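Q: Could you take a close look at the salt bridges in this model, and describe the setting of the residues that form them?

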Amino acid sequence: MTASSPPQPLDSCRLGELHADQCFHLDADRLVRRLTLGSRVIESSVKVYPGDERAARSDPLGMWWTAYLEGRLPSTDQVTDRLGVVDLFCGSGGLALGTRLLAAEMGLSLVNELIVDSDADATATLAANHDVRIRRTESVTSLVDFRVRGSGDDAEFTYQPELLDEQVVAGADRADLLTAGPPCQGHSNLNNRSRRSDMRNHLMLTVPAFAVAAGIRCVVIENVPAVVHDDASVIATTKALLASAGYRVTDGVLASDKMGWPQTRKRYFMVACHNAEPVPLDAVASCLADEKPRTLEWALSHLDSWAADETDPMDQPTEHNQENQRRIDWLFENNEYDLALSERPECHKDGTSYTSVYGRMRPDEPAPTITTGFTTPGRGRFVHPNNRRTLTPREAAVIQGFPLDYCFITESGSSPSRTQLSKWIGDAVPMPLGYAAALSALAATPV
């Protein structure tokens, strides 16, 4: 690919009448990305520094993400407009990352008009990295009054939902997009005790209630893929509540490695637009598809020039107990990636279905799903491929798509605990998935 050469598609498809593709080309010292979804074209660029031209030619998408991880957002010649966002169950800002990148590509000035989460320290982290106007640290259920009659396809609001706080109303009035990641632990396949019937599953219904009460144009909801098996039909209920208020809905499961990202994590998304048709998620996935995902080695290579600080919890590896350190050592001494049954706890020695537990990550493959247990070898395949330890929080954060300079901080300004970092990073949505869902919403077609 030469300078000013025509765009080369990574992938293209036709779904019905919708043509979708993703193209890159070099134009002097700029790497240009062009997304086409039907009649909508989104074009933006990032600067390519001397010495990076070869990487930009051989792996343009990888170079695009490298610029993002280094904190360089793209720019565009398109007319700049404003995008107001409400982020419910916001955590430390993982879902917001994809929205921010897309907004930059579309020439939109993003303002988080309102963020809400019961974890005050998590909202402090989000506010330290994003432009936030109103931050609330309480349960979302305390901010909106609503009642639902029926369930599934027959569900409806008993009366018009209403926001209960003037400050919340003020923030919501300026919003064009509502994003939300209701607690997923109740739906997780790792939750063997109350899976499918956990009362936390009903928190998803606060999202359509808030959107309808505030009259917000677009909605993005994310959760674990297993949410579709909830005993109370929370997905069908949410769809029905949105549809009854004039929203068009698309939903499905997106996989980050299918978009070329170096992690196999999957998430369920529901996208709804009022009086507009969101781009079908399967069309978005096809537009952004990349058959060969980048590797764990690619992800971790971005830390090669990072000056690790041994006093920073983000850079501190876990000190494992003697038994777990012995298991990690065994993997390296035997050049293995799976721990032998003889080296496992007694309950595993006769065989186990959790073969990845105590495993070592493979450098030439995408990382497995990063969870809140990434610092513990007994909770997944989280042993570093080259070092005799599990991942540090910063390594896990990069795999999740947090930029290198993302600041994790508590409300008091102190460093977070290891437990907090594990939760915030492990619960986050990988950036490309949030980006894809936001693209479905913000490229919607009016009806």
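**Salt bridges, pair by pair**

A: Arg149 has a relative accessible area of 43% and is therefore partly exposed. In this predicted model, the partner of Arg149 is Glu156, and the closest N and O atoms of the two are 3.0 Å apart in a salt bridge. Glu156 likewise counts as partly exposed, at 35% relative accessibility.

A second pair is formed by Glu333 and Arg388, whose closest N and O atoms lie 3.5 Å apart. Glu333 is exposed, with a relative accessible area of 57%, whereas Arg388 is partly exposed, at 39%.

Arg33 lies in strand 3 (residues 30–37) and Glu105 in helix 3 (residues 94–105), so the pair connects parts that are 72 residues apart in sequence. Arg33 counts as buried at 4% relative accessibility, and Glu105, with a relative accessible area of 1%, is buried as well; the cut-off for this class is under 20%.

Beyond these pairs, salt bridges also link Arg82, Glu113, Arg133, Arg174 and Asp176 in a network. For the model as a whole, the count comes to 27 salt bridges.

Methods:
Residues numbered from 1 in each chain as written. Predicted model: local features only at pLDDT ≥ 70, side-chain atom pairs only at ≥ 80, totals over all residues. Heavy atoms only, no water. Salt bridge = Lys/Arg side-chain N within 4 Å of Asp/Glu carboxyl O. Helix = DSSP H or I, 4+ residues; strand = E, 2+ residues; numbered from the N terminus. Buried < 20%, exposed > 50% of the residue type's maximum accessible area, 1.4 Å probe, protein only.
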